[in-house]
Amino acid sequence: MAHVPCYVSSVNITFALVSSKTREEIFVHAKEAENFAIHFRLLRKEKGFTQEGLAIEANVDVSTIARIEAGRQNITLDTIFGLSKALGVSLKEFFDFSLP
């Protein structure tokens with residue numbers, strides 16, 4: 001199955017050529033990623049962390065934090081758990097964002 005990188009609003013989306021996703025579904029995914037990136041950045045700042053400080057506390061590379069905030073990073077469960085613990089928030093709060 002071939003994959004094609006597609007860039008929408010600086011969000012890297014990869015989808016299969018054989019995928020049945022519509023342009024609207026891809027746009028919604030891109031908006032969700034962008035909104036999560038904004039939410040994550042605001043949450044980090046609200047908790048008083050710099051990118052570097054959060055990276056140290058969560059044991060991830062600072063470039064990972066930067067890519068998450070730019071909407072260009074798909075994060076693993078290990079990273080999600082580490083970031084939510086470092087931020088002192090529940091997983092529910094970590095993902096509590098909505099589309100405008």
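**Entry 1: the buried side of H2**

I began with helix H2 and found Leu 54, Ala 55 and Ala 58 buried there. Viewed down the axis of H2, these buried residues stay within an arc of 105°, so they line one face of the helix. I then turned to the other side of H2, where Ile 56 and Glu 57 are exposed. A reminder to myself before going on: this is a predicted model.

Is Gly 53 buried, exposed or partly exposed? I read a relative accessible area of 26% for Gly 53. Buried would need a value under 20% and exposed one over 50%, so Gly 53 is partly exposed.

**Entry 2: the whole chain**

I stepped back for an overview. I counted 5 helices and 2 strands in the protein chain. Starting at the N terminus, the order of elements is β-β-α-α-α-α-α. The protein chain has 100 residues, and 30% of them are buried. I also looked at contacts between residues at least 6 apart in sequence, and 49% of these join residues at least 24 apart.

Most residues other than glycine have a negative phi. Asn 59 belongs to the loop between H2 and H3. With a relative accessible area of 71%, Asn 59 is exposed.

**Entry 3: H2 against H3**

Next I looked at how H2 (residues 51-58) and H3 (residues 62-69) sit together. Their axes come within 8 Å and cross at roughly 120°. The crossing of H2 past H3 is right-handed. Which residues make the contact? From H2 I listed Gln 51, Glu 52, Leu 54 and Ala 55, and from H3 Val 62, Ile 65, Ala 66 and Glu 69. Sorted by type, the residues of this contact come to 5 nonpolar, 1 polar and 2 charged.

**Entry 4: H3**

I repeated the burial check on H3. Thr 64, Ile 65, Ile 68 and Glu 69 are the ones I found buried. Down the axis of H3 they fall within an arc of 130°, so one face of the helix is lined by them. Ile 65 and Glu 69 were already on my list for the contact with H2. Just after H3 comes Gly 71, with a positive phi of about 75°.

**Entry 5: H4**

I moved on to H4 (residues 77-87). Its buried residues are Thr 79, Ile 80, Leu 83, Ser 84, Ala 86 and Leu 87. They are on the same side of H4, because they cover an arc of only 160° around the axis. The face turned away from that buried side carries Leu 77, Asp 78 and Lys 85, which are exposed. After H4 I came to Gly 88, where phi is positive, near 70°.

I took a closer look at Thr 79. Its relative accessibility is 15%, so Thr 79 counts as buried. What does Thr 79 touch beyond its neighbours within four places in sequence? I found contacts with Val 60 and Thr 64.

**Entry 6: the nonpolar core**

I finished with the largest nonpolar core, which has 15 residues. Phe 40, Leu 54, Ile 65, Leu 83, Leu 87 and Phe 94 touch the most other members. At least two residues of this core come from each of helix H1 (23-46), H2, H3 and H4. H4 gives the most, with 4 residues. In soluble globular proteins, nonpolar side chains tend to be buried together.

I followed Leu 87 as an example. Setting aside neighbours within four places in sequence, Leu 87 is in contact with Phe 40, Leu 43, Arg 44, Lys 47, Phe 49, Leu 54 and Phe 94.

Definitions and conventions. Residues numbered from 1 in each chain as written. Predicted model: local features only at pLDDT ≥ 70, side-chain atom pairs only at ≥ 80, totals over all residues. Heavy atoms only, no water. Axes fitted to C-alpha atoms, helices over the stretch in contact; angles between N-to-C directions. Left-handed = near helix turned anticlockwise from the far one by under 90°. Contact = heavy atoms within 4.5 Å. Nonpolar A, V, L, I, M, F, W, Y, C, P; charged D, E, K, R; others polar. Buried < 20%, exposed > 50% of the residue type's maximum accessible area, 1.4 Å probe, protein only. Core = buried A, V, L, I, M, F, W, Y, C linked by side-chain atoms within 4.5 Å. Arc of directions from axis to C-beta.
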